[in-house]
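Biologist: I am new to this structure and would like to know what stands behind the labels used for it. Please show it first.

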Amino acid sequence: MEERSGGVNRCQLLDLPWEDVLVTHIFCYLPLRQLVSLQRVSKQFHTLIQVYLANCRSFDLTQVGPRMPKEAFCNMLKDNKVLQSLVLQNCSDWVTDKELLPVIGQNQHLLQIDMRGCVRLSRHALVAVSLSCTRLQHLGLAHCEWVDSLSLRSLADHCRGLRSIDLTACRQLKDEAVCYLAGKCTGLRSISVAVNANITDVAVEEVAKNCRDLEQLDLTGCLRVRNDSIRTVAEYCPKLQSLKVNHCHNVTESSLGVLRRRNVAIDVEPPLERALVLLQDVVGFAPFINLQI
């Protein structure tokens, strides 16, 4: 506390109770980038931010930028054992198992992990997640080509409460691994196996039959998926809200029609509607009637 010339007491920020006020009611509203900057102000601020980081429930590196030093990442989370959400999307160029495994090992309450594009990790990272974070509900692994069948099986065995998983462009995975996941994690509501030519009707049908609460399914670019599995999805997944089948050249309107009638959002237009759009683009034609597809 300081006293002004007029005799009025003035409270400095650091005079406020740290854990009861600053950590709980103020710092939780500041972006991570600003907290990182505050660390450099003084030794007291550095200590205070470390107290906050040791107690924060969410850590999102997209708020900082891709140039955070490895040492800074490790130092910021070294004392945290209560994380529930960890987003690593912006550190794909530098994060490896060495930096990530200690964080995963001491945070067993994680519910959400986003490792999209973290190309320098290995299958050991996913195994560590499966063994430590058994309450995990949401996992992003898009473009993590190091994900293989054995590590996905470990995840399925230990994280059966999984609600969503993004396996876009995990090209090592084949039908067998996705079928195993669907058989173990029957509560899945969202799954993407997009951009994987190994995926066939076998995997899609297994997902549909086991995950009856499925709401979102992304099959973009799965060239071997056909109408049969889409009909199975329509039959077994009454809660489906979104289906992506762009570039699935063997999926046609004969299987998509029933889903459209249920107002499922599909990312490809019906053939006639698409033709009208193309016609309008080419000759400026605008139909004067509404067609019922």
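Biologist: How many salt bridges does a search of the whole structure find?

Modeller: The search finds eight salt bridges. Keep in mind that this is a predicted model.

Biologist: What is the protein made of, in terms of secondary structure?

Modeller: It has twelve helices and eleven strands. Of its 293 residues, 45% are buried. The accessible surface is about 15,300 Å², and carbon and sulfur atoms hold 49% of that.

Biologist: Why is the contact between R123 and D148 called a salt bridge?

Modeller: The cut-off is 4 Å between a side-chain nitrogen of Lys or Arg and a carboxyl oxygen of Asp or Glu. For R123 and D148 the N to O distance is 2.9 Å, and the pair is a salt bridge.

Biologist: How do you know whether D148 is buried or exposed?

Modeller: Buried means under 20% relative accessible area. D148 has 13%, so it is buried. R123 has 27%, which lies between the limits of 20% and 50%, so R123 counts as partly exposed.

Biologist: What makes R171 and E145 a salt bridge?

Modeller: Their closest N and O atoms are 2.7 Å apart, and the limit is 4 Å. R171 sits in the loop between β7 and α8, while E145 sits in the loop between β6 and α7, 26 residues apart. R171 is partly exposed at 41% relative accessibility, and E145 is partly exposed at 44%.

Biologist: Which residue forms a salt bridge with E176?

Modeller: The partner of E176 is R153, with the closest N and O atoms 3.2 Å apart. E176 is in helix α8 and R153 is in helix α7, so this pair ties together parts 23 residues apart in sequence.

Biologist: Why is E176 called exposed?

Modeller: Exposed means over 50% relative accessible area. E176 has 55%, so the label applies. R153, at 24%, counts as partly exposed.

Biologist: What makes R153 a charge over the ring of Y180?

Modeller: The distance limit is 6 Å from the ring centre, and the charge must also be within 35 degrees of the ring normal. R153 lies over the face of Y180 at 4.1 Å from the ring centre.

Biologist: Which residues of α8 are buried?

Modeller: D175, A177, V178, C179, L181 and A182 are buried in α8. Their cover includes α7, β7, β8 and α9.

Biologist: Which residues of helix α5 are buried, and what puts them on the same side of α5?

Modeller: The buried residues of α5 are D97, E99, L100, V103 and I104. They cover an arc of only 160° around the axis, which places them on the same side of the helix. These residues pack against α4, β4, β5 and α6.

Biologist: How many aromatic pairs are there?

Modeller: The count is two. One of them is F73 with W94, whose ring centres are 5.5 Å apart and whose planes are at 65°.

Biologist: Why is the pair of F73 and W94 called edge-to-face?

Modeller: Centres must lie within 6.5 Å for a pair, and planes over 60 degrees apart count as edge-to-face. With 5.5 Å and 65°, F73 and W94 meet both conditions, so the pair is edge-to-face. F73 lies in helix α4 and W94 in the loop between β4 and α5, so the pair ties together parts 21 residues apart in sequence. F73 is buried at 0% relative accessibility, and W94 is buried at 9%. F59, F73 and W94 form one aromatic cluster.

Biologist: Where does K78 lie, and why is it called partly exposed?

Modeller: K78 is in the loop between α4 and β4. Its relative accessible area is 47%, which falls between 20% and 50%, so K78 is partly exposed. Leaving out residues up to four places away in sequence, K78 touches Q50 and Q106.

Technical notes
Residues are numbered from 1 along each chain as its sequence is written. This is a predicted model: local features need pLDDT of at least 70, side-chain atom pairs count only at pLDDT 80 or more; totals for chains, interfaces and linings use all residues. Side-chain values use heavy atoms; hydrogens and water are left out. Helices (H or I, at least four residues) and strands (E, at least two) are DSSP runs, numbered from the N terminus. Buried means under 20% relative accessible area, exposed over 50%, partly exposed in between (1.4 Å probe, protein chains only). Accessible areas come from the Shrake-Rupley method with a 1.4 Å probe; for residues, only the protein chains shown count as cover. Contact means heavy atoms within 4.5 Å. The arc is that of the directions from the helix axis to the C-beta atoms. Rings of Phe, Tyr and Trp (its six-membered ring) pair if their centres lie within 6.5 Å; planes under 30 degrees apart count as stacked, over 60 as edge-to-face and the rest as tilted.
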